[in-house]
Amino acid sequence: GEVVFCSASPVLKYTQDEGSQRGVFGTLLCSNFKVSFVSDEESTEEMAPLFRNKLYGENDIPLTCIDQIYGVNEEKKKLILGGQVKSKYPSKIIIYCKDLRVFQFCLTYAKEEEAKKIFQGIVHHSLEPKSLKCLFAFSYFEKAGPIPVTHRKQKTIMFESKEDWAMEMRRTKGHCTLVTANENYNISEKLPQFFFVPSAVSEEDINSFHGKGLPIWCWSHHSGCALFKASSLTVVLEDSVSQPYMERMLTAVAQTYLFSVKTEDLSSTLPTVQDIQQAYNKFKQYFLIDNATEFWISDVKWFSSLENSGWFDIIRQCLMKAVEIVECLEKENTNVLMMEEDGSDLCCVISSLVQLMLDPCFRTLSGFQSLLQKEWVAGCHSFLDRCNHLQREKELQAPVFLLFLECVCQLMQQHVPAFQFSETYLTVLSDSIHIPLFSTFLFNSPHQREYATKLESPETQRSPLNFPTVWDWSLQFDCKAQDFFTNPLYAEKPKQDKALRKPHRPKHQRQLSLPTAAFKSSPRKGFFKEETENLKKMLLGKRISRWIHSPEATPLTAREFYQSWLSKPLDYHGLLLPCLDGPAIRLWMQRYLRWIPEVQIFGGGSVTVMNKISDLVSEIQDLQRELDRCSSNAHSHSQRTEVPARPTARQSSSFPFASSRAWTFRPVIPTSLLHGLTMDEMVDKDDDNTEVLGIV
């Protein structure tokens with residue numbers, strides 16, 4: 001269970017309001033799960049928050065959510081590094097969180113010994129390297145035992161059994177071979193227990209090179225072509241060994257449909273994980289605001305600073321690459337083989353985006369969660385290393401999964417009715433990555449999860465630890481809060497007879513999908529020589545990419561493909577493509593701006609509008625149920641049931657991440673900037689007595 005290591009009192013927690021040194025006194029605690037601040041003041045909230053996390057509150061920080069800690073002495077701010085803490089302690093500490101919250105605590109009022117212990121304790125347990133078994137999930141579930149499985153409203157496919165994989169293959173009408181030889185991880189620990197490969201791959205090839213270079217099935221298009229991914233061979237082999245193997249793999253993929261294949265090396269056409277981390281480090285700095293003055297200074301060049309970070313450009317590149325692969329599958333009906341060093345980073349991003357654009361099933365809440373289980377969890381994305389939960393190898397840290405969620409948010413903002421889940425759902429999912437309880441985000445692979453959750457003592461009678469997945473949302477939120485996860489504007493697909501649907505999907509003509517000139521010769525020896533040479537270079541780490549089209553032609557054809565799609569009537573249950581022009585890539589406002597009081601729009605914002613629509617939808621449903629009841633009881637004199645009134649409050653653009661509180665919004669602008677920003681009216685406006693919703 002949770003154990004408190006140290007505490008200090010009284011500690012002053014500063015507020016960001018007006019850049020002043022005002023705050024709240026209370027007790028600061030550090031446990032094996034989180035850093036908590038317990039206020040000495042009684043809560044003045046008139047009603048409970050509509051959206052409260054059961055695991056941690058507004059003044060709690062999970063240890064794995066702490067990003068950076070700064071110490072402040074005599075107004076000098078210094079970054080604190082794990083392992084370098086001495087006997088001294090700063091008068092003030094600033095904690096930057098991975099969910100972009102900022103906490104400031106003054107330790108000068110506490111006893112010297114307590115202040116030193118709480119400072120050293122927070123730094124030690126959040127920033128210093130630790131073992132996997134030190135994560136809170138292990139101590140919690142060893143004491144608590146298995147959590148009872150709650151009834152889920154919607155079924156998420158976990159892809160942990162042969163049946164799950166076979167069902168997905170039947171759903172997509174694909175034709176590949178199910179591999180079960182890795183059930184005990186005999187082939188590779190970085191592959192799922194069960195997976196599909198092209199039918200032409202032999203058993204001998206499956207067991208070669210520990211799964212490296214093996215084309216793993218991702219998804220099948222209704223035309224018959226399919227999307228595959230593979231990791232690169234890390235050891236340089238002799239040509240006599242590697243070339244025949246690579247030629248067989250390429251031939252096997254091509255034989256899936258019409259003997260055609262295109263290869264794409266993501267390692268050379270997209271940024272590296274180091275580039276992703278560097279861009280995000282620059283980007284997030286503009287949302288980690290210590291005080292109002294700092295915000296208004298950064299506001300002068302805010303938009304250009306965000307663009308110059310390179311984060312938007314990486315999002316744009318990933319979406320563009322996904323569109324290019326969608327074009328190959330949808331327009332050219334050609335098999336696609338994606339290559340990457342480990343096959344578990346950018347392959348996960350692009351593969352998931354392609355399926356999201358092509359398959360409406362994955363735009364539902366349960367379908368999206370099933371997609372993440374298939375491509376990310378079963379696909380062996382290194383969540384433990386990329387999130388740096390153990391603070392061991394900083395160079396491996398990179399927000400790859402967050403990058404994918406960013407791309408999904410762009411698609412959602414451009415095609416709102418196509419998605420059953422909401423922006424709030426994506427925001428909560430991005431927060432849940434940093435809660436050290438869910439098996440979904442704690443391990444690098446299913447093998448590591450299975451090995452780590454087995455109890456070490458053979459004499460113990462208890463079964464292996466059973467960590468919950470993040471999809472059991474009832475562990476974090478009650479039913480009312482989970483209602484915010486659904487999109488009220490989602491356009492559900494109308495039910496039609498199969499007989500009416502059949503004629504609308506014409507059979508693809510063979511001549512529309514014939515291979516290009518590179519594949520016109522018959523399948524004789526050396527048939528794939530050119531493409532095999534390209535694949536060989538990718539597998540051996542030389543990272544030379546080659547589409548069938550020339551690199552110069554790719555952006556043009558992708559734009560033509562987008563324009564062609566744009567000219568047709570929009571079908572929210574068909575193909576979806578993003579607009580990638582500069583202004584079309586927008587900031588994920590809810591995630592990045594929810595903790596900054598100065599940017600709130602009171603009574604407005606897209607999230608507030610969506611919540612109002614959700615209330616109207618609920619009211620319509622209530623009225624419909626009342627009409628149904630009245631019609632069924634037309635001859636009876638039963639009384640009308642009253643629908644309970646919804647609590648009303650003035651909402652902000654940060655809703656539902658807010659609580660009822662009074663805030664003052666006079667911007668503290670430096671005198672040198674005041675006249676240039678022409679903010680006189682806003683400065684003069686007095687809203688001190690206005691009761692509004694503030695930031696949690």
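Student: Is the crossing of α11 and α14 right-handed or left-handed?
Tutor: This is a predicted model, in which local features need pLDDT of at least 70 and side-chain atom pairs count only at pLDDT 80 or more, while totals for chains, interfaces and linings use all residues. Residues are numbered from 1 along each chain as its sequence is written, and side-chain values use heavy atoms, with hydrogens and water left out. A crossing is left-handed if the near helix is turned anticlockwise from the far one by less than a right angle, and right-handed if clockwise. By that convention, the crossing of α11 and α14 is right-handed.

Student: How do the residues in the contact of α11 with α14 divide by class?
Tutor: Contact means heavy atoms within 4.5 Å. Ala, Val, Leu, Ile, Met, Phe, Trp, Tyr, Cys and Pro count as nonpolar, Asp, Glu, Lys and Arg as charged, and the others, Gly among them, as polar. From α11 come Val349, Ser352, Leu353, Leu356 and Met357, which meet Val400, Phe404, Cys407, Val408 and Leu411 of α14. The tally for α11 with α14 is nine nonpolar, one polar and no charged.

Student: How many residues of each class make the contact of α11 with α12?
Tutor: The axes of α11 and helix α12 (residues 365-377) cross at roughly 150° and come within 10 Å, in a right-handed crossing. On the α11 side the contact uses Cys348, Val349, Ser351, Ser352, Gln355 and Leu356, and on the α12 side Phe368, Leu371, Lys374, Glu375 and Trp376. By class, α11 with α12 gives six nonpolar, three polar and two charged.

Student: What is the count of salt bridges?
Tutor: A salt bridge is a side-chain nitrogen of Lys or Arg within 4 Å of a carboxyl oxygen of Asp or Glu. Glu168, Arg171 and Asp359 are linked in a network of such bridges. The count of salt bridges under this rule is 21.

Student: How many residues apart in sequence are the parts tied together by Lys34 and Glu2?
Tutor: The side chains of Lys34 and Glu2 form a salt bridge at 2.9 Å, N to O. Lys34 belongs to strand β3 (residues 34-39) and Glu2 to the segment before β1 (4-14), so the separation in sequence is 32 residues.

Student: Is Lys34 buried or exposed?
Tutor: Buried means under 20% relative accessible area, exposed over 50%, and partly exposed in between (1.4 Å probe, protein chains only). With a relative accessible area of 11%, Lys34 is buried.

Student: What is the N to O distance between Glu324 and Lys321?
Tutor: Both residues lie in helix α10 (residues 311-330), three residues apart, about one turn of the helix. Glu324 is buried at 8% relative accessibility, and Lys321 is buried at 7%. Their salt bridge has an N to O distance of 3.0 Å.

Student: How far apart in sequence are the parts joined by Arg449 and Glu160?
Tutor: The side chains of Arg449 and Glu160 meet in a salt bridge of 3.6 Å, N to O. Arg449 is in helix α16 (residues 446-452) and Glu160 in the loop between α2 (136-144) and α3 (162-172), so the parts are apart by 289 residues.

Student: Where does Gln476 lie?
Tutor: Gln476 is buried at 1% relative accessible area. Beyond its neighbours within four places in sequence, its contacts include Arg52, Lys54 and Phe438. Gln476 lies in the loop between α16 and α17 (479-482).

Student: What share of the chain's residues count as buried?
Tutor: The chain has 24 helices and 16 strands. Of its 696 residues, the share that count as buried is 53%.

Notes
Helices (H or I, at least four residues) and strands (E, at least two) are DSSP runs, numbered from the N terminus. Axes are lines fitted to C-alpha atoms, for helices over the stretch in contact, and angles run from 0 to 180 degrees between N-to-C directions.
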